[in-house]
Amino acid sequence: MLTENLADNKIRQGNATPTTANPGIRYDTIFQTRYSKGVDAAALERALQKSVAGEVRFDDGSRALYATDASNYRQIPIGVVLPKTKDDVLNTIALCRQFNAPVLSRGGGTSLAGQCCNVAVVMDMSKYYNRILNIDKANKLVTVQPGIVLDEMRNTTAREVGLTFGPDPATHDHCTLGGMLGNNSCGVHSVMAAFEGNGARTSDNVESMVVCTYDGLVMEVGPTSDKQLEQYISEGGRKGEIYQKLRDFRDKYADLIRERFPNIPRRVSGYNLTELLPENGFNVARALVGSENTLVTILEATLMLLKNPEYRALVVLGFPEVFAAGDSVPFVLKYKPIGLEGIDDTLIEYMRRKGLNLKDLPLLPKGGGWLLVEFGGATREEADDRAHAFMNDVKQLNNAPNVSFFDDPVQEKMLWEIRESGLGATAWVPGEPMGAPGWEDSAVNPNRIGDYLRDLMKLFHAYDYHPSVYGHFGQGCVHCRVQFDLFTKEGIEKYQRFTVEAAHLVVKYGGSLSGEHGDGQARGDLLSIMYGDELVQAFLEFKSIWDPQWKMNPGKIVDTYGQLANLRINNRYDPPATKTHFAFTEDNGSFAQASIRCVGVGECRRHEHGTMCPSYMVTREEKHSTRGRSRLLFEMLDGNVVKNGWKEDEVKDALDLCLACKGCKGDCPVNVDMATYKAEFLSHYYEHRMRPRSAYAFGWIHWWSRLASLAPAVANFFTQTPGVSTAMKAAAGIEQKRTLPKFAERTFRSWFRERRRDGVGYNNHQGVKQKVILWVDTFNNFFKPETLVAAVDVLEAAGFDVVIPKQTLCCGRPLYDFGMLDTAKKMLRDILSSLHTEIGDGVPVVGLEPSCVAVFRDELIGLYPADQNAKRLQSQTFTLGEFLQKHAPDFRVPPMKQKAVVHGHCHHKSIMKMDDDRKVLQKTGLDFEVLDSGCCGMAGSFGFNPDHEALSRDIGEQALFPALRAAKPDTIVLTNGFSCKEQIKQGVRRDTVHIAELLLRAQTQQSSFINQDSGSK
Ligand SMILES: Cc1cc2nc3c(=O)[nH]c(=O)nc-3n(C[C@H](O)[C@H](O)[C@H](O)COP(=O)(O)OP(=O)(O)OC[C@H]3O[C@@H](n4cnc5c(N)ncnc54)[C@H](O)[C@@H]3O)c2cc1C
């Protein structure tokens, strides 16, 4: 029964040679499997709605969102449940049993082997079922619900009892403990956990768990003494039956398990059967860890904590090539580092090509392969002493590597970023075929990693694959993202043949197919190469003990749907060609390719830090993450689940809360550019349709402002007078709680024209000074002319001849938020023709509003990729900070002795980066801090929309508002974005300054800034 009918797409391996692979490809298990046949989804949904306090979603959009993880696989779930309580989980399982439906639990959905998608009812534990239940300081234990994110748990235990959890996957800021237990995850500091005696993998750090079987039995599991075992068996019932079967199972297979399970730190493939051996205490909890939800659902877990060294020192060793780095691992391990990772020169080359971590790379010592060796200590001296003792010994070696030492946490972080960006650097490398998981975490004994790397690389080259190799060398685990061609039948067959050969190779080294990501659907079929048929039979029996109905995440690890079944990208992948406004040059001109750029890493599901993704941070909804939106765009083009193409409301809803902050373009490891995709989508969605009123109110702000400037007092009467403004906001579809900015009495353009007539400024010296065009943006021109005035003074003081465009122009930024791309293109065309001569003459353009500068640096080239003047304008447009730093590096203002907090506009952080602003501020002598405040939440007109106002404020409350409330009244709040200023004013009633105003005031020695609302100086 268990092996029926799936053989056509499975590898018949046993002692297979590579040629026995049979790569038939099946598709039906995307929508239905033999385990889900006959499930009455509508009735199940109704029953769940009645008995679950959390959320139940069976709509197509939600199902599409959960159809894949970070792997190559895709299966459409029956429905999605977001449980709030343990009862919710139990009720869901009970109803699934009643309706014969498979179940699958999900955390962050970052699995790489296909174990987190299935035709099942998916329980997303991450949104609600994510609390810490207990911290036991004395015994160094923590008890959690499975949906909690690792970093949230670690931050709490560190804060409350000074302890941490050893295994830390690279996804630590968004993967969940449930997922780590499901996959038996490990990480950089697994070596530390191993040296502390806890062991490297999550399973080695588990004390006990409360689990639920598909047939509804809830039991606490952990180490089991013989006495307990006898007692449970004698008590009978389902629990007694399980324990009896487990005991018989252990007795039957103990010798084979001892013989065939590799004794290496990173053996993750297969079920964790060694834990059932008597010498390991018949630890049922640990035997269940790594079972990828194919056996039980974890309800609670009690985990072992350890002391986190307070101080760290990092030694980086540069070898001629990565193999030599691998050869040195046994030597380095003798010094008990807390982290030991390796990287190769291909990774560095890929980073260079992608422009990733460019500032960090020079920190690496000379070499073609590196080891990052981290030492810990209770004091700085202790950590440093350990590192120095190690370095002294290293230098005595024959062929000693180049050595660099770091104990500055900032530099250490930069170096770890190089290692942690492995996946980002190896996915979508310009000039290289797309990389994919599939053979990305094999592991051997660390003592043999050098030779294994040599042989693995030979095998890659034999198949004409040329990946970078890097990873947890201290534990023998090798990462890579291989250029598997999953688009063609030939490529898919080659991929399968390669994995079979690679499996034989790693087994030759006594290793494991997976050293941390698990087997899922990608490696399940290869298990008999590693373990032999008899142990694979044991795995089937083990599954049957726990899940006799075969409904727990079926088709994964054992008796899989097939390594080549359900591939998301496959030889029938054929999305429709779409005509787009943007050129999508980085995606070969294809919107479809842009929609598969997301590889599912899930960094957009971080709860804190960085800019991406503000709407996820607040809502904690997959739909409102960059990944979720990308997946929906993929499904939209696929058309099988999400059916209405560009007119699809499910996609529109998901994009609705995208703030177009471009955080993903900067923070996402593969630079998914959701702001652009949103603008493109909306342009099609609204084709031949009216947009909402607010789109015309805000999208056309340039023209409204021009009109208002004819009689600003009248305009302000409508926008500022209580009662009148209420009616006006209602008519324009604007949120009542928001205050509209006031029009200035006089525009900047008018001031500038008059000033020229008066003959003031460096314009008198034309031809002597370098000319610079000050970009007169709509917001500053009509609402805050004083900012542009300040910029004129600063630029002139820096020695430039400031001119402005002759015509009133606008970059069109507000239009993108509403997909008004025809108009946006026209406005850019006007700019290109109006400034044609100056652009050709190389006159730099300085913009004060970061979102306008970002249009010239980003959207302009996306809409006019082949236009030479567009390219010129892109390269000669600067923020004020950039311009001063690049064109007037010696410009100084008198020193300021004040404190400041700096909030960077999201487009500034993502596209232009804040480095030059930082350098300019450093020269002012200001005592400043650049906040890690993400997007302010206002994002142009986003926060003025009644449907977005609450979210907008909540985004502000994430980091920005608390930081500003904590800042003293006399601390300067510096921000350049017009909407950021509004958000700050309306959110925490603080006044802000633009960098132009700050420099001007320093110049004129007015270094005191008044917080008008607090009235203090
Ligand atoms: C870029 C990248 C880097 C990575 N780096 C590492 C690394 O350094 N080390 C490492 O070990 N892994 C790594 N991984 C893999 C992955 O991130 C880890 O396995 C992670 O722990 C999975 O957590 P998650 O919350 O995303 O789990 P999910 O993918 O949501 O789930 C993982 C498995 O656990 C099961 N599961 C979830 N909740 C439960 C529950 N309550 N009961 C039973 N089963 C459950 C799921 O069904 C699934 O089978 C990486 C992945 C990516 C994409």
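The model is predicted, so local features need pLDDT of at least 70 and side-chain atom pairs count only at pLDDT 80 or more, while totals for chains, interfaces and linings use all residues. Residues are numbered from 1 along each chain as its sequence is written, and side-chain values use heavy atoms, with hydrogens and water left out.

The ligand comes first. It is surrounded by 36 residues, and the closest are Ser105, Gly107, Thr110, Ser111 and Cys186; a residue is near a molecule if one of its heavy atoms lies within 4 Å of it. This shell divides into 15 nonpolar, 18 polar and three charged residues. In that count Ala, Val, Leu, Ile, Met, Phe, Trp, Tyr, Cys and Pro are nonpolar, Asp, Glu, Lys and Arg are charged, and the others, Gly among them, are polar.

Polar contacts are pairs of N or O atoms within 3.5 Å; within protein, one must be able to donate a hydrogen and the other to accept it, and residues adjacent in sequence count only if both atoms are side-chain atoms. An oxygen atom of the ligand lies 2.7 Å from an N or O atom in the side chain of Ser185. For Gln115, a polar backbone atom is 3.3 Å from a ligand oxygen, and for Glu292, a polar backbone atom is 3.2 Å from a ligand oxygen. Taken alone the ligand exposes 980 Å², and the protein buries 97% of that. Accessible areas come from the Shrake-Rupley method with a 1.4 Å probe, and for residues only the protein chains shown count as cover.

Which elements give two or more residues to the shell around the ligand? They are strand E3 (103–106), helix H5 (177–183) and strand E10 (297–304). H5 gives the most, with five residues. Helices (H or I, at least four residues) and strands (E, at least two) are DSSP runs, numbered from the N terminus.

Next come the cores. A nonpolar core is a set of buried Ala, Val, Leu, Ile, Met, Phe, Trp, Tyr and Cys residues joined through side-chain atoms within 4.5 Å. Buried means under 20% relative accessible area, exposed over 50%, and partly exposed in between (1.4 Å probe, protein chains only). The largest core has 221 residues, and those with the most contacts inside it are Met209, Trp439 and Trp546. Not counting residues up to four places away in sequence, Met209 touches residues including Leu181, Met219, Val221, Leu288 and Ile298; contact means heavy atoms within 4.5 Å. Another core lies apart from the largest one and has 41 residues, among them Ala798, Val846, Leu848 and Ile995.

Some single residues follow. Ala325 lies in helix H10 (residues 322–327). Is Ala325 buried or exposed? Ala325 counts as buried because its relative accessibility is 0%. Beyond four places in sequence, Ala325 touches Phe319, Gly369, Trp370 and Leu371. Ala325 and Trp370 are 45 residues apart in sequence, but 6.0 Å apart in space, C-alpha to C-alpha.

Arg380 belongs to helix H13 (residues 380–396) and is partly exposed, because its relative accessible area is 23%. Leaving aside neighbours within four places in sequence, Arg380 is in contact with Tyr311, Arg312 and Asp407. The side chain of Arg380 reaches the backbone oxygen of Arg312 at 3.4 Å.

The loop between helix H20 (591–595) and helix H21 (614–619) holds Thr611, and Gly610 lies in the loop between H20 and H21 too. Thr611 is buried, with a relative accessible area of 6%, whereas Gly610 is partly exposed at 21%. Leaving aside neighbours within four places in sequence, Gly610 is in contact with Met617, Asp667, Asp932 and Gly934.

Backbone angles come last. Most residues other than glycine have a negative phi, and most peptide bonds are trans. A cis peptide bond joins Met612 and Cys613, with omega about -10 degrees; Cys613 lies in the loop between H20 and H21. Phe282 is not a glycine, yet has a positive phi of about 45 degrees. Phe282 counts as buried, at 1% relative accessibility. His688 has a positive phi near 60 degrees, and at 81% relative accessibility His688 counts as exposed.
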